[in-house]
Amino acid sequence: MTIAECRLCGTGLTETFVDLGMSPLCESYLPVDRLDSAETFYPLHVRICSSCLLVQLPAYVPGEDIFSDYAYFSSYSDSWVAHAKRYADMMTETLGLGPESLVTEVASNDGYLLQHFVARDIPVLGVEPAANIAEVARGKGIRTETYFLGAETGAELASRYGRADLVAGNNVYAHVPDLIGFTAGLAALVKPTGLVTLEFPHLLRLIERRQYDTIYHEHYQYLSLLTAQRALATAGLAVADVEELSSHGGSLRVHARPAAADNLGPTGSGLGWEPSSNVKSVLDAEAEAGLHTLDGHRGFAEAVFMIKRNLLDFLLTARAEGKRVVGYGAPGKGNTLLNHCGIRSDLLAYTVDRSPYKQGRFLPGTHIPIHAPERLAQDRPDYVLVLPWNLRTEISSQLAYVREWGGRLVYPIPELEVV
Ligand SMILES: [Zn+2]
């Protein structure tokens, strides 16, 4: 048997982080005419590199197969759009961006972020691999190119549109199988004096909060600040600052600069500037939690099994008592959870989602139907299993009306909770 190699350092991947068995691509929502056809399942076996500690899913599925016709439209989440606006406000002020500047976003989706810069007359360039989503962004007047970022495409885009003062990448750094090529692309897009910011879920929170359902084929790596630093360094980008965010269950926003930027004044660090104290404190917290050693990553698999056991116990009991359980949301993470636990429409009659793209389709693997949210008020189920727990505050208030008929909300992660 051949052993996959670490995409960062090339070491053979012999250590398991967690093995979730076989699962279909979690964004492959099925139309009704595909229900009777075969479906492809891929391993969800997450490894950790014993040398550089990068937690990673070997590229069982090429990125082109996943992201060319993607179903995730960022603008369907109110809190995510608000998060993007706060970022745009902060960056415009901190960097003094204006009509002479350029903001480039990689994986710009439907323009949920860049629209806030466009509203301030700041030139933007979106780089989005999914043609269907890029088209939506262009429809909103947001300049968008359909590309997968790599070293060559980064250089080509920079030569056509110029290098950017700010290069943003939100929830994309975990999604690239060619981590080194993508990082080279980032370095090609940014000015020598510019800034790259990347948001990605923090491995520390994934482990602490048992967010194992964020593991799916679209997520090729699960980053700590330490491993992100190692990845960025491959293209000469150095971490200058880091923020801890609550999005996606606990993310990092890393601020990186070209390490060769020599016009920022000598400070003796060899960088021309010093990393902020936040960088040290996040690294210290990771080290404290054991994330800077191989052994510190063990034990996660057992925590994952407990979640599965408790959720199945709940659903089987509810079923035995004649209660009706349905889902809320059809996020990718829900599909990992449902497939891993073997939950089908006998235990979860259907789910609902606000995205018209998903309504009328079926969840991959489990074939649970997806309806519009209005269905909940018509059916008045006993329990609503909330799948996108990262939007818990938003969803709790959206679903307050479930209490009117005595229904209750169920959160499966980090541990089963019925509220
Ligand atoms: Zn490695």
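Where does asparagine 109 lie? Asparagine 109 is found in the loop between strand E4 (103-106) and helix H3 (114-118). The model shown here is predicted.

**Overall build**

The protein chain holds 13 helices and 17 strands. Its C-alpha trace spans about 70 × 50 × 40 Å along the principal axes. A compact globule of 419 residues would have a radius of gyration near 22 Å, and the protein chain agrees, with 22 Å. Of the 419 residues, 55% are buried. Take the contacts between residues at least 6 apart in sequence: 69% of them join residues at least 24 apart.

**The cores**

In soluble globular proteins, nonpolar side chains tend to be buried together. Here the largest nonpolar core has 86 residues. Those with the most contacts inside it are Tyr173, Leu186, Tyr212, Ile215, Leu225 and Ile343. Helix H10 (residues 300-320) gives this core its largest share, 8 residues. A second, separate core has 18 residues, among them Ala84, Ala88, Ile122 and Ile142.

What does leucine 186 contact, leaving aside its neighbours within four places in sequence? Its partners are Val106, Leu149, Val167, Tyr173, Val196, Leu198 and Leu237.

**Helix H8 and its surroundings**

The axes of helix H8 (residues 225-233) and helix H9 (residues 277-288) come within 9 Å. They cross at roughly 120 degrees. That makes H8 oblique to H9. On the H8 side, Leu225, Leu226 and Gln229 take part in the contact. They meet Val279, Val282, Leu283 and Glu286 in H9. By type, the contact residues are 5 nonpolar, 1 polar and 1 charged.

Leu225, Leu226, Thr227, Ala228, Ala231 and Leu232 are buried in H8. The buried residues of H8 pack against H9, and also against helix H6 (179-189), strand E8 (190-201), strand E10 (237-245) and strand E11 (251-258).

**Backbone exceptions**

Most residues other than glycine have a negative phi, and most peptide bonds are trans.

| Site | Backbone value |
|---|---|
| Leucine 53 | phi near 70 degrees |
| Asparagine 109 | phi about 50 degrees |
| Isoleucine 413 to proline 414 | cis, omega near 10 degrees |

Leucine 53 sits in the loop between strand E2 (42-48) and strand E3 (55-56). Is leucine 53 buried or exposed? Leucine 53 counts as buried, because its relative accessibility is 8%. Asparagine 109 is buried too, with a relative accessible area of 7%. Proline 414 belongs to the loop between strand E16 (408-411) and strand E17 (417-418).

Notes:
Residues are numbered from 1 along each chain as its sequence is written. This is a predicted model: local features need pLDDT of at least 70, side-chain atom pairs count only at pLDDT 80 or more; totals for chains, interfaces and linings use all residues. Side-chain values use heavy atoms; hydrogens and water are left out. Axes are lines fitted to C-alpha atoms, for helices over the stretch in contact, and angles run from 0 to 180 degrees between N-to-C directions. Helices (H or I, at least four residues) and strands (E, at least two) are DSSP runs, numbered from the N terminus. Angles under 35 degrees count as roughly parallel, over 145 as roughly antiparallel, 65 to 115 as roughly perpendicular and the rest as oblique. Contact means heavy atoms within 4.5 Å. Ala, Val, Leu, Ile, Met, Phe, Trp, Tyr, Cys and Pro count as nonpolar, Asp, Glu, Lys and Arg as charged, and the others, Gly among them, as polar. A nonpolar core is a set of buried Ala, Val, Leu, Ile, Met, Phe, Trp, Tyr and Cys residues joined through side-chain atoms within 4.5 Å. Buried means under 20% relative accessible area, exposed over 50%, partly exposed in between (1.4 Å probe, protein chains only). The radius of gyration is taken over C-alpha atoms; the globule rule is 2.2 Å times the number of residues to the power 0.38.
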